[in-house]
Amino acid sequence: MRFHDELLIGGRPRRAASGRTIEVRSPATEDIVGSVPEAGTDDIDAAVRVARGALERGPWPRTDPGERGELLGRVGKLLAGRTDELAATISEEVGSPRRWARGGQVGTALGVLAVHRRLGASYPFVETRAALTGGEVRIRRHPVGVVAAIAPWNAPLFTAVLKVAPALLAGCPVILKPSPEAPLSAFALAETAAEAGLPDGVLTVLPGGAQVGDHLVGHPGVDKIGFTGSTVVGTRIAQRCGQDLRRCTLELGGKSAAVLLDDVVLTDEIVDALVDGAMANSGQVCIAQTRILVPRARQAEVVEALAAAVGALRVGDPQADDTDLGPLISAAAREQVEAAIIEARSGGARVVTGGGRPDLAVGHYLEPTLLTDVDPDSPIAREEVFGPVAVVLPHDGDDDAVRMANDSPYGLAGSVWTSDTVRGEEVASRIVAGSVAINSSAAMDLGSPFGGRRRSGLGRECGPEGVDAYVEPQSIVVPPAA
Ligand code: NAD
């Protein structure tokens with residue numbers, strides 16, 4: 001599944017007109033672990049033509065939604081049978097520990113497909129309301145059109161499925177553009193969809209970088225962009241879509257807070273969950289809760305417990321069973337994270353644990369790092385680092401904690417930790433973020449809306465709201481029966 005000679009245009013193998021190849025390197029060994037063709041402009045234009053044909057001539061947009069949901073269920077079953085292979089592949093291209101990749105990368109994608117199988121039966125594709133003037137209004141939710149799904153490298157299969165599943169359920173043809181760093185699982189997804197019976201023309205895979213994404217975003221034959229990635233690129237996409245009023249859903253970066261209230265009992269499980277929430281996938285997770293806000297009076301206790309747990313994380317070969325953290329995605333990513341740590345230190349931050357490179361000969365590894373004495377206005381406290389770096393900041397009670405959590409340009413996720421879940425829910429409701437968990441860092445439920453406020457994005461994925469993003473509602477006003 002790792003070496004591909006051909007693109008999949010509308011599900012059919014086809015040599016890339018560009019003639020170029022993307023080599024996929026393991027960030028752990030720096031060896032080539034796969035390759036895919038790189039799409040060029042001609043390939044994109046051909047894919048859009050095929051997708052428009054599938055939209056206009058069918059049968060997919062006119063297939064019964066229940067059947068479309070069942071097909072997604074079959075895709076999930078087929079992919080589940082390939083879990084080990086997929087986890088190994090994503091582990092190689094991204095560097096996620098294989099153990100984590102099974103759940104965090106593959107399990108989440110399977111969960112999304114299972115949710116969409118059920119939505120095939122329950123989503124209101126056709127709904128009848130009483131018209132205010134008598135008679136009825138039939139609301140028909142039509143496919144939004146040809147979708148370009150643009151995915152990042154950090155969770156390549158999961159973020160792809162978060163767009164592909166609702167778009168297919170809505171009846172849309174999809175052109176999936178995986179990132180050049182981690183394009184391999186997109187091929188497994190498209191192959192599996194064809195095996196499950198998806199008609200020709202409906203799902204295309206076009207690997208490539210910014211140029212391919214940019215061409216797709218500006219393409220007149222594309223109706224909707226589903227994007228997950230950085231706030232910088234998301235902002236550019238929003239600007240381009242704005243020119244043509246093209247629809248877009250943007251899942252962007254974050255700097256989420258874990259808020260500890262003064263009644264939290266610091267068990268080993270809670271400490272491990274806090275560390276996991278900040279450091280999983282080496283901090284390369286959009287909902288990473290890397291600002292840990294703790295009651296001032298309990299700061300020493302919390303820092304000591306976190307430092308012990310962070311220091312005990314095993315950094316190394318992602319393929320090994322006992323590895324907790326793998327490498328960062330690239331040499332450049334590691335240098336950026338290191339520069340952020342240096343800048344924080346020069347601003348007075350104290351490294352409690354980590355801060356350097358572990359003693360490993362190859363791979364873009366970095367020690368998990370915990371910082372205290374951080375200026376809340378400094379970049380390390382405000383900007384997404386996308387590496388294994390967490391900061392501890394003291395607060396002076398619930399109101400102050402909420403103020404600090406909200407003192408951010410972002411608004412993606414968060415968590416509240418307390419022995420009183422009613423109080424926790426009250427605090428959570430005041431946090432400006434798309435999703436917040438109580439006593440857990442898993443601030444995402446696959447059946448419920450997920451997405452960012454402020455600079456963390458626009459629109460929602462997951463649940464029926466995620467399908468809303470791929471339909472255009474039409475109201476047909478039906479006269480009262482004569
Ligand atoms: P990125 O923005 O660099 O790239 C994301 C995708 O966009 C890639 O496929 C890339 O090739 C493509 N791209 C780059 N420039 C483009 C352009 N001008 N036009 C169109 N497409 C373009 O992000 P990344 O480094 O791959 O991913 C990390 C970022 O993704 C982090 O900021 C992270 O927080 C974010 N993320 C967000 C979520 C979420 O759900 N909110 C989930 C995962 C990752």
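How many bridges join strand S12 to strand S13? Keep that in mind while we look around this predicted model.

**View 1. Strands S12 and S13 side by side.** The count is 3 bridges, linking S12 (residues 257-260) with S13 (residues 291-295), and the two strands run parallel.

View 2

**View 3. Strand S7 and its neighbour S8.** Here S7 (residues 147-150) and S8 (residues 174-177) run parallel, joined by 4 bridges. One handy landmark is Ala149, whose bridge partner in S8 is Leu176. In a regular strand, side chains alternate between the two faces of the sheet. Along S7, Val147 and Ala149 point one way while Ala148 and Ile150 point the other way, and all are buried.

**View 4. Helix H2 packed against helix H5.** H2 (residues 65-80) and H5 (residues 156-170) pack at an angle of about 150°, their axes 8 Å apart. Angles over 145 degrees count as roughly antiparallel, so that's the label for H2 and H5. Their crossing is right-handed. On the H2 side, Pro65, Arg68, Gly69 and Leu72 meet Ala165, Leu168, Leu169 and Ala170 of H5. Sort the residues of this contact and you get 6 nonpolar, 1 polar and 1 charged.

Terms used. Residues numbered from 1 in each chain as written. Predicted model: local features only at pLDDT ≥ 70, side-chain atom pairs only at ≥ 80, totals over all residues. Heavy atoms only, no water. Axes fitted to C-alpha atoms, helices over the stretch in contact; angles between N-to-C directions. Parallel < 35°, antiparallel > 145°, perpendicular 65-115°, else oblique. Left-handed = near helix turned anticlockwise from the far one by under 90°. Contact = heavy atoms within 4.5 Å. Nonpolar A, V, L, I, M, F, W, Y, C, P; charged D, E, K, R; others polar. Buried < 20%, exposed > 50% of the residue type's maximum accessible area, 1.4 Å probe, protein only. Pairing = 2+ DSSP bridges.
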